[in-house]
Amino acid sequence: MTARLSPAALESLPADVARPAYDRSAAGAGVVHLGIGAFHRAHQAVVFDDLLAAGDPRWMVRAASLRSPDVRDQLAPQDGLYTLVERDGAGERLRVIGAVREVLVAPEDAAALVEALAAAHLVTLTVTEKGYHLDPASGALREDEPEIVAEAAGGIPTTAPGFLVAALALRRERGLAPFTALSCDNLPANGRRLEAAVLALAGRRDPALSDWIARHGAFPVSMVDRIVPATTAADIDALQARTRLRDEAMVKAEPFTQWVIEDRFAGERPDFAAAGVQLTVDVAPWEEAKLRLLNGAHSALAYLGALAGHETMDAVIAQPAFAAFAERLWDEAAATLRPPPGLDLAAYRRALAGRFANPALAHRTRQIAMDGSQKLPQRLLASIAARLGQGQSIDALALAVAGWMRWQAGRDEAGRTFVVDDPLAARTFGPAQSPDPAEAVDGLLALD
């Protein structure tokens, strides 16, 4: 039986595999992260690992899953260790990340997670767009949702805003200042949205608590960028063949990584700049460029490419017609941007084309197509609104939205069926089935 990755097994790894050189047992867990999926493990946790390796022992991560115990069950036998595999056309590089101390599972012990949050200096989140419980049109907290109603009445928290409010309330009771809550999700003005959700929920629970959070708390805006495809069983087997250890929690990613954070914190914060993170007074131009160019094209190519039968992004962009379409889409979206100093849009576009074409990632189009109803507003509709406001054409952007509409039918151009993974799938499926294209479009456009 193959041994699992563990602290005791680190010395048996091949010499070219990087591993933690700091004392994990002596490090303090100053970070709590909500939503420990593959993206966090390939992005923010790597930065905290860098900080620990540089000699700042405060920034170990206590992570939490708000739903499933799967990641906890993968990481616990490995004492939180996992391998980051960076892949591109030149090969792959392996690094064991040691920054995760433990994984809490909220449904199993909500009180333990509230206590962990109340003891943190910094709380980071990757809970996806739907995890904020915001109305997509107004951006306001969905205060009529049963979970939110129960949390407002002081019930056991189950949502990300609910856990933050419960922990902040506990800190206030103990005479502690608020922690910084740092959203790392692909949402425009993500920190402002998180702040609005927390303040609204806190206000329903206790107006004085909401006022205290508003005065003393901090919810920085941030922009994150790294392509992190889903790990497959074949990936795990291949890593085992190379290292002779089983790592059920491995993640794979492209070499490129970026994190831009608004320099707005409450209390202690890491020396992010020393770890290559960019601190700025205004994240908006950076996030607009990323959402409208990278994410907008990613979604558009995923829907249209998957409908055409392509399983991975590199296979899509390798087709001349799709590559030309991406350039047209970027032409339209780029005209809506106000690039910040230091961002060369032409170079950024060339880099995106290269990243999409990375054959080593095998980034599945169906993974990118998930939760489209939550992603289209910031990835495509914002560019459409800006161009229509200036009287400009939207041919490529409209085709991207048409691809999303066609995707809702759950059937590709060869007649193969698939499950539409989207929180609004039950509402989009009916209109998408209409044999009359005009009726299908009208039905989908009528959705709030």
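**Close-up 1. Helix α15 gives the lining of the second largest pocket its largest share, four residues.** In this predicted model, the second largest pocket has a volume of about 330 Å³. Of the 14 residues that line this pocket, Ser373, Pro377, Leu381, Leu447 and Asp448 are the closest to its centre. Sorted by class, the lining of the second largest pocket consists of twelve nonpolar residues, one polar residue and one charged residue.

**Close-up 2. Helices α15 and α16 cross at roughly 160 degrees.** Helix α15 covers residues 372-389 and helix α16 covers residues 395-407, and their axes come within 10 Å. Because angles over 145 degrees count as roughly antiparallel, α15 and α16 are described as roughly antiparallel to each other, and their crossing is left-handed. On the α15 side the contact involves Gly372, Ser373, Leu376, Leu380, Leu381, Ser383, Ile384 and Arg387, which meet Leu397, Ala400, Val401 and Trp404 of α16.

**Close-up 3. Helix α10 packs against α16 at an angle of about 55 degrees.** The axes of α10, which runs over residues 284-307, and of α16 lie 8 Å apart, and the angle between these helices makes α10 oblique to α16. The crossing in which α10 passes α16 is left-handed. From α10, the residues that make the contact are Ala300, Tyr303, Leu304, Ala306 and Leu307, while α16 contributes Leu399, Ala400, Gly403, Trp404, Arg406 and Trp407. Nine of the residues in the contact of α10 with α16 are nonpolar, with one polar and one charged residue beside them. Ala400 and Trp404 of α16 take part here and also in the contact with α15.

**Close-up 4. Helices α6 and α8 pack at an angle of about 85 degrees.** Helix α6 is formed by residues 160-173 and helix α8 by residues 207-216, with their axes 11 Å apart. Since angles of 65 to 115 degrees count as roughly perpendicular, this term applies to the arrangement of α6 and α8. Val165, Leu168, Ala169, Arg171 and Arg172 of α6 make the contact with Ala208, Leu209, Trp212 and Ile213 of α8. By class, the contact of α6 with α8 holds seven nonpolar residues and two charged residues, and no polar ones.

Notes:
Residues are numbered from 1 along each chain as its sequence is written. This is a predicted model: local features need pLDDT of at least 70, side-chain atom pairs count only at pLDDT 80 or more; totals for chains, interfaces and linings use all residues. Side-chain values use heavy atoms; hydrogens and water are left out. Axes are lines fitted to C-alpha atoms, for helices over the stretch in contact, and angles run from 0 to 180 degrees between N-to-C directions. Helices (H or I, at least four residues) and strands (E, at least two) are DSSP runs, numbered from the N terminus. Angles under 35 degrees count as roughly parallel, over 145 as roughly antiparallel, 65 to 115 as roughly perpendicular and the rest as oblique. A crossing is left-handed if the near helix is turned anticlockwise from the far one by less than a right angle, and right-handed if clockwise. Contact means heavy atoms within 4.5 Å. On a 1 Å grid over the protein atoms alone, a cavity is a set of points where a 1.4 Å probe fits but cannot get out, and a pocket is an open set with protein on both sides within 12 Å along at least five of seven lines; lining residues have an atom within 4 Å of a point. Grid points are joined across faces, edges and corners, and a volume is the space filled by probe spheres set on the points. Ala, Val, Leu, Ile, Met, Phe, Trp, Tyr, Cys and Pro count as nonpolar, Asp, Glu, Lys and Arg as charged, and the others, Gly among them, as polar.
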